[in-house]
Amino acid sequence: MWIEVLPLLYGLFGLPLAQQRDMAGKHLKIGVFVPDAVQLLDLSPIDLFGMTTPWYLQACGLPESMVRLGVENTIHYIGMKDVGEFVNLTASASLKVTRRIGDVDVEPGKLDILLIPGPDPSAVFGDDVKAFVKSHVDWAGGKGEKTDVLSVCTGINVLAQAGVLDGRKASGPRALLPVLQKKYPKTDWVEDKRWAVDGTIWTSGGITNGQEMVAAYLREKFPGPLAEAVCAMADVGEKGLEYSTGKVRSNVWFLWLIIRSVFVGKKEKSA
């Protein structure tokens, strides 16, 4: 019963209710850019957007007041391969490409959100990939509209190679930050936070930090009761922006794991 009054309470103490209705009435166009093989778990935040749809909320048995706050969306999986072909993911999975980068409905100005999951950290991308990303970052509509670009884990490499992070704050996998700092010194690298926001660019640390980043994105952009309900159902958004351990402690802990692995390996060989 309490969930029925959430939209009213949030209208009184959060975003204006008229603004909530305006947001809820949108049909978002979302692109997931997979120019090469990517980490399966890096893709998982896209499902949080899927969970905001009226269909999903209704299927979960939520009351009509919450369903009305739902946000319809269309999600395109954009790749370099032909539509219908598959991109490799980790864990022996694969993803069907539904749009190519040159297709009209994923050109600059046609997407509200572009999500970039993490590829192989050593991957080097061509000019066509860089131009696609940069065109979406640079696009601006006549009324000031912009496309929000969200990278997860090593998806930061795609943005950095596209040259869109110069002079911006950005986050990335903690273990790779020293390499990123050296390779892209014009970027203000954030070391102590799970994600960073600079204008329309959202960047996250390793893997599941992408889920935390998208949870924060929902809380900022979507109607409050809807965002909180989705985060609660997915059990995400509770880690907080700050890492629970400092960089030095984290590095020492990982070094200790490597040392332990050497001794465990020797023990198994001698057994």
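Buried means under 20% relative accessible area, exposed means over 50%, and partly exposed lies in between, with a 1.4 Å probe and protein chains only. This is a predicted model, in which local features need pLDDT of at least 70 and side-chain atom pairs count only at pLDDT 80 or more, while totals for chains, interfaces and linings use all residues. Residues are numbered from 1 along each chain as its sequence is written, and side-chain values use heavy atoms, with hydrogens and water left out.

Q: Why is cysteine 153 called buried?
A: Its relative accessible area is 9%, and the label applies under 20%. Therefore cysteine 153 counts as buried.

Q: What makes cysteine 231 buried or exposed?
A: Cysteine 231 has a relative accessible area of 2%, so it is buried.

Q: How many disulfides are there?
A: A disulfide is a pair of cysteine sulfur atoms within 2.5 Å. By this rule the count is zero.

Q: Why is the pair of phenylalanine 33 and phenylalanine 132 called tilted?
A: Rings of Phe, Tyr and Trp (its six-membered ring) pair if their centres lie within 6.5 Å; planes under 30 degrees apart are stacked, over 60 edge-to-face, and the rest tilted. Here the centres are 4.7 Å apart and the planes make 45°, so the pair is tilted.

Q: Where in the chain do these two residues lie?
A: Phenylalanine 33 is in strand β1 and phenylalanine 132 in helix α6 (residues 127–138), 99 residues apart. Helices (H or I, at least four residues) and strands (E, at least two) are DSSP runs, numbered from the N terminus.

Q: How do you know whether phenylalanine 33 is buried or exposed?
A: Phenylalanine 33 has a relative accessible area of 0%, so it is buried. Phenylalanine 132, at 6%, is buried as well.

Q: What makes tryptophan 55 exposed?
A: Its relative accessibility is 64%, and exposed means over 50%. Tyrosine 56, at 25%, counts as partly exposed. Tryptophan 55 and tyrosine 56 form a tilted aromatic pair, with 6.5 Å centre to centre and 55° between the planes.

Q: Why is the charged end of arginine 174 said to sit over the ring of tyrosine 243?
A: A charge sits over a ring if NZ of Lys or CZ of Arg is within 6 Å of the ring centre and within 35 degrees of the ring normal. The charged end of arginine 174 is 4.0 Å from the centre of the tyrosine 243 ring.
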